[in-house]
Amino acid sequence: MIDERYDSADSLIQAHPEVLDGLRVAPICKEALSNNNEALMLNLLERIKGRDRIGCAVILSYLVNLQCHNRDYDGALNTVMNRSKEAGVELFELRVAPLNALKRSLEAEGRTVPFEIPKASEHRSADKQLSSDSSSDSSGDSSSDSDTEKS
């Protein structure tokens with residue numbers, strides 16, 4: 001039933017892409033996380049890429065969380081190192097908890113961690129930037145979603 005609802009929503013989005021403006025992505029990501037639905041997150045990311053950087057950061061954070069949960073550390077690393085760049089999202093815009101989970105998992109396997117966890121001051125600065133970005137465009141609602149990322 002969930003897949004049918006998302007298929008219907010996807011058809012609506014294809015016909016009317018403006019419905020993506022101001023879309024709250026966290027509830028969708030939470031649903032995808034609870035159903036282990038990586039494809040849904042990737043589809044949503046593709047739909048909003050270039051429209052909502054804040055929403056992309058939220059999706060990418062949830063995606064790293066899901067991939068770490070599934071022990072897909074190569075996938076999570078690809079999300080951090082490549083997908084985020086493709087979406088125009090900087091590392092400091094991702095949530096710290098999934099980045100820490102990935103870092104710990106890679107270290108536990110004796111692997112090199114090719115990124116540094118941003119310092120808290122970088123995140124505070126990014127939060128201020130995201131807030132000012134969101135108040136000047138129509139996607140502002142999704143900034144509140146970014147702090148709801150939990151597994």
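## Overall composition

The structure is a predicted model, in which local features need pLDDT of at least 70 and side-chain atom pairs count only at pLDDT 80 or more, while totals for chains, interfaces and linings use all residues. Residues are numbered from 1 along each chain as its sequence is written, and side-chain values use heavy atoms, with hydrogens and water left out.

The chain contains seven helices and zero strands, where helices (H or I, at least four residues) and strands (E, at least two) are DSSP runs numbered from the N terminus. Along the sequence the pattern is α-α-α-α-α-α-α. Of the 151 residues, 40% count as buried; buried means under 20% relative accessible area, exposed means over 50%, and partly exposed lies in between (1.4 Å probe, protein chains only). Contact means heavy atoms within 4.5 Å. Among contacts between residues at least 6 apart in sequence, 69% join residues at least 24 apart.

Two packed helices are described by the angle between their axes and the distance between the axes. Here the axes are lines fitted to C-alpha atoms, for helices over the stretch in contact, and angles run from 0 to 180 degrees between N-to-C directions. Angles under 35 degrees count as roughly parallel, over 145 as roughly antiparallel, 65 to 115 as roughly perpendicular, and the rest as oblique. The axes of α2 and α3 come within 9 Å and cross at roughly 155°, which means that α2 is roughly antiparallel to α3. From α2, the residues V25, I28, C29, A32 and L33 meet L40, M41, L44 and I48 of α3. This contact of α2 with α3 comprises nine nonpolar, no polar and no charged residues; Ala, Val, Leu, Ile, Met, Phe, Trp, Tyr, Cys and Pro count as nonpolar, Asp, Glu, Lys and Arg as charged, and the others, Gly among them, as polar.

Helix α3 (residues 38-48) also packs against helix α4 (residues 53-69), their axes coming within 10 Å and crossing at roughly 160°. The pair α3 and α4 is therefore roughly antiparallel. The crossing of α3 past α4 is left-handed, a term used if the near helix is turned anticlockwise from the far one by less than a right angle, with right-handed used if clockwise. On the α3 side the contact involves E38, M41, L42, L44, L45 and I48, which meet G55, C56, I59, L60, Y62, L63, L66 and Q67 of α4. The residues of this contact of α3 with α4 divide into 11 nonpolar, two polar and one charged.

## Helices α5 and α6

The axes of helix α5 (residues 73-86) and helix α6 (residues 96-108) come within 11 Å and cross at roughly 135°. At that angle α5 is oblique to α6, and α5 passes α6 in a left-handed crossing. The contact is made by Y73, A76, L77 and V80 of α5 together with L99, L102, S105 and L106 of α6. By class, the contact of α5 with α6 holds seven nonpolar, one polar and no charged residues.

G75 lies in helix α5 and counts as buried because its relative accessibility is 13%. Leaving aside residues up to four places away in sequence, G75 touches Q67 and R83. G75 and V64 are 11 residues apart in sequence, and their C-alpha atoms are 7.9 Å apart.

S84 is also found in helix α5, and its relative accessibility of 2% makes S84 buried. With residues up to four places away in sequence left out, S84 touches L60, T79 and V89. S84 and R53 are 31 residues apart in sequence and 9.8 Å apart in space, C-alpha to C-alpha.

## Positive phi in two loops

Most residues other than glycine have a negative phi. N36, which is not a glycine, has a positive phi of about 55°. N36 is placed in the loop between α2 (25-34) and α3, and its 43% relative accessibility makes N36 partly exposed.

R71 likewise has a positive phi, near 60°, in a residue other than glycine. R71 is found in the loop between α4 and α5, and R71 counts as exposed because its relative accessibility is 66%.
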